[in-house]
Amino acid sequence: TERRQADEVLRQSEEKYRTLVEQASDGIFVTDADGKHIEVNSRGCEMLGYTRAEILQLKISDLLKSGEMEAAPLRLDALRQGKTLLTERTLVRKDGSAFPTEISVKMFPNGQLQAFVRDITERKQAEKALRENEKQYRDLFDSTSDLIQAVAPDGRLLFANRAWQEAL
């Protein structure tokens with residue numbers, strides 16, 4: 001009876017764990033010490049366009065944009081010290097299309113790596129649009145012949161456009 005109760009508690013715990021992993025909005029990957037995938041959730045498969053079986057045949061480097069691992073190798077020394085690393089990487093889907101991600105990586109005591117992968121395509125597009133809008137504003141601000149300045153409440157000059165600089 002105790003054994004059955006213990007088995008039921010274990011089954012419920014495993015079911016809860018599986019539900020949490022499968023409901024996650026981020027891709028969750030676990031790799032062995034050699035970088036071969038040994039676990040992936042459905043969001044990770046969906047994000048990359050592979051089946052679970054296909055991903056379990058791949059290594060970390062197989063999913064990274066060419067040259068990325070050489071340009072920014074995994075910081076295994078920091079991971080071995082128990083640190084969690086947050087990095088941006090470009091991953092490649094099964095169809096060959098690349099997309100930006102934010103990856104949080106932690107090493108388990110047995111040397112396996114756990115990674116939470118978030119697709120940041122929308123964030124990158126918003127950042128690009130903001131930079132472009134700021135550049136347009138700066139260009140307009142600097143190209144007008146009107147004198148434009150901003151002054152802090154204490155009288156400090158915060159900024160002035162090129163027309164002010166030329167006038168002075």
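Guide: This is a predicted model. Start with β4 and β5, which pair antiparallel over seven bridges.

Visitor: How many bridges join β3 to β4?

Guide: Eight, with strand β3 (residues 85–92) and strand β4 (residues 98–107) running antiparallel.

Visitor: Now the turns. What sits between β4 and β5?

Guide: Five residues, in a hairpin; Gly111 in that turn has a positive phi of about 95°. The β3 and β4 hairpin has five residues between its strands too, and there Gly96 takes a positive phi near 95°.

Visitor: Change of topic: β1. Is the strand buried or exposed?

Guide: Buried. Five of the five residues of β1 (residues 27–31) are buried, so the strand is largely enclosed by the rest of the structure.

Visitor: Which residues are on which side?

Guide: Gly27, Phe29 and Thr31 are on one side, Ile28 and Val30 on the other, and both faces are covered. In a regular strand, side chains alternate between the two faces of the sheet.

Visitor: What does β1 pair with?

Guide: β1 pairs with β5 (residues 113–119), antiparallel over five bridges, and Phe29 stands opposite Ala115 there. Three bridges also join β1 to β2 (residues 37–40), again antiparallel; the partner of Val30 in β2 is Glu39.

Visitor: And which residue has a positive phi in the hairpin of β1 and β2?

Guide: Gly35, with phi near 90°; five residues lie between those strands.

Note on methods. Residues are numbered from 1 along each chain as its sequence is written. This is a predicted model: local features need pLDDT of at least 70, side-chain atom pairs count only at pLDDT 80 or more; totals for chains, interfaces and linings use all residues. Side-chain values use heavy atoms; hydrogens and water are left out. Buried means under 20% relative accessible area, exposed over 50%, partly exposed in between (1.4 Å probe, protein chains only). Helices (H or I, at least four residues) and strands (E, at least two) are DSSP runs, numbered from the N terminus. Two strands pair if DSSP finds at least two bridges between them.
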